Amino acid sequence: MSAAATQPSPHPSVLQGYLAALGTVFIWAGFILISRLGGKTSLTGWDIVALRLGTASLFLLPFSLNFPAGTWRDKRMWTMALTGGLIFLVLVYAGFKRAPAAHGGILLPGMQPFLVTALAWLLMGARPSRLRLFGLIPIAAGVACVAMPQILGAHEGPSTLAGDALLLGGSLAWAIYSVLVKKWAVDAWLLTRFVALASCLVFMPVYLAFLPKGLDQVPMSMLLLQGLYQGLGPTIVAMLLFLRAVAILGAERTGAMVALVPVMAGLGAVPLLGEPLTGWLIAGLLLVSGGAFLSARLK
C-alpha cells in the first residue's frame, strides 16, 4: 500500500453531510413546536421575540466586537436584519398565538420554495424552469388544503385565519431575506451576528418601554426553554449545520432533506401539543413536503 493510500481522506464523508442536514431538520421542526408551545402560554409574542433576541445577542456579542468597517452604516445589512430578523420574528410569534404548529410547518418552511422562486424571478430576473414550476404545484395545493376547512365551514373551534395570515407574512419576510442574501452575497457568519444584534438594538428599547409582557405568568423553565432554544438553536446551531450540509451534499440534496420539516412538525404536534391531524391537514403536509422536495431536486 502506498503512503498516499494510508493517509486519511481530506474530504468529509457523505454521512457527516446527512447528519448535519438531519440536525437542521430537527432544529427547524423544533422551532415550530417550541414556538407554538410558547404561543399557548401567557407569554406574549413580544416576550418570545425578546427572549430569542436577548439570548442570541448575549451569546454573539463577544464574537461581534470587530465588525468590518462600515458594517453598522450599511443599508443593505440593515434591510436584511429588519426583514429576516425583526419583522420575521414579530409576525411568526404572533402567528403561533393563533394558529397550530402544523399550519406553521406548511406556511413557513413549506412555502419557501414557492415564495423564493417568485421573488427571485421578480427581484433578480431568475426565471424558473418549467420543471421547477411543476414542483411548485403541490405546494399551492397543500396550502389550499389548509384553507379548505375554513372555506367550507368545517373548521371546529376559533378561526385560525388571522394566525395563518401572520405566518404567511413571516414566511414572505424570510423569503425576501433569502433572496437578498443571495443577491448581495453576504458572509453568512457576519450576517448571522449582525441580524441578531441589530434586531435586538431596535426592538429591546421599544419592548421594555411600551409593549405588553407576560414573563411573570409562566414558570422559569418555560422562559429558559424559549430563550435558550430560540436564541441558540435556529439562530446559530441550525445555521452552522445547514452550511455544513450544503458544503458536503450540495444545495439540492440538502434542500430535499429540509422538505421533511413540515411533516415532522405536523406529526410532532400531535403528542407534544395535543393538536389533531385532520384529513385536510395530512394532505396539506404531504403535498407541501412533496412539493418542497421536488422543487429542491428539479432545475
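**Reading helix packing and burial**

Analyst: Helix α4 (residues 75–95) packs against helix α9 (residues 188–210) at an angle of about 75°, and their axes are 8 Å apart. Helices here are DSSP runs (H or I, at least four residues), numbered from the N terminus. The model is predicted: local features need pLDDT of at least 70 and side-chain atom pairs count only at pLDDT 80 or more, while totals for chains, interfaces and linings use all residues. Residues are numbered from 1 along each chain as its sequence is written, and side-chain values use heavy atoms, with hydrogens and water left out.

User: How is α4 oriented relative to α9?

Analyst: Two packed helices are described by the angle between their axes and the distance between the axes. Here α4 is roughly perpendicular to α9, a term for angles of 65 to 115 degrees.

User: How many nonpolar, polar and charged residues does the contact of α4 with α9 have?

Analyst: The contact of α4 with α9 has 14 nonpolar, 3 polar and no charged residues.

User: Which residues touch the most other members of the largest nonpolar core?

Analyst: In soluble globular proteins, nonpolar side chains tend to be buried together. A nonpolar core is a set of buried Ala, Val, Leu, Ile, Met, Phe, Trp, Tyr and Cys residues joined through side-chain atoms within 4.5 Å. The largest one has 50 residues, of which Val 92 and Phe 203 touch the most other members. A second, separate core of 13 residues includes Met 80 and Leu 190.

User: Is Ser 35 buried or exposed?

Analyst: Buried means under 20% relative accessible area, exposed over 50%, and partly exposed in between (1.4 Å probe, protein chains only). Ser 35, in helix α2 (residues 14–39), has a relative accessible area of 1% and is therefore buried.

User: Which side chain forms a polar contact with that of Ser 35?

Analyst: A polar contact is a pair of N or O atoms within 3.5 Å; within protein, one must be able to donate a hydrogen and the other to accept it, and residues adjacent in sequence count only if both atoms are side-chain atoms. The side chains of Ser 35 and Gln 230 are joined by such a contact of 3.0 Å.

Terms used:
Helices (H or I, at least four residues) and strands (E, at least two) are DSSP runs, numbered from the N terminus. Axes are lines fitted to C-alpha atoms, for helices over the stretch in contact, and angles run from 0 to 180 degrees between N-to-C directions. Angles under 35 degrees count as roughly parallel, over 145 as roughly antiparallel, 65 to 115 as roughly perpendicular and the rest as oblique. Ala, Val, Leu, Ile, Met, Phe, Trp, Tyr, Cys and Pro count as nonpolar, Asp, Glu, Lys and Arg as charged, and the others, Gly among them, as polar.
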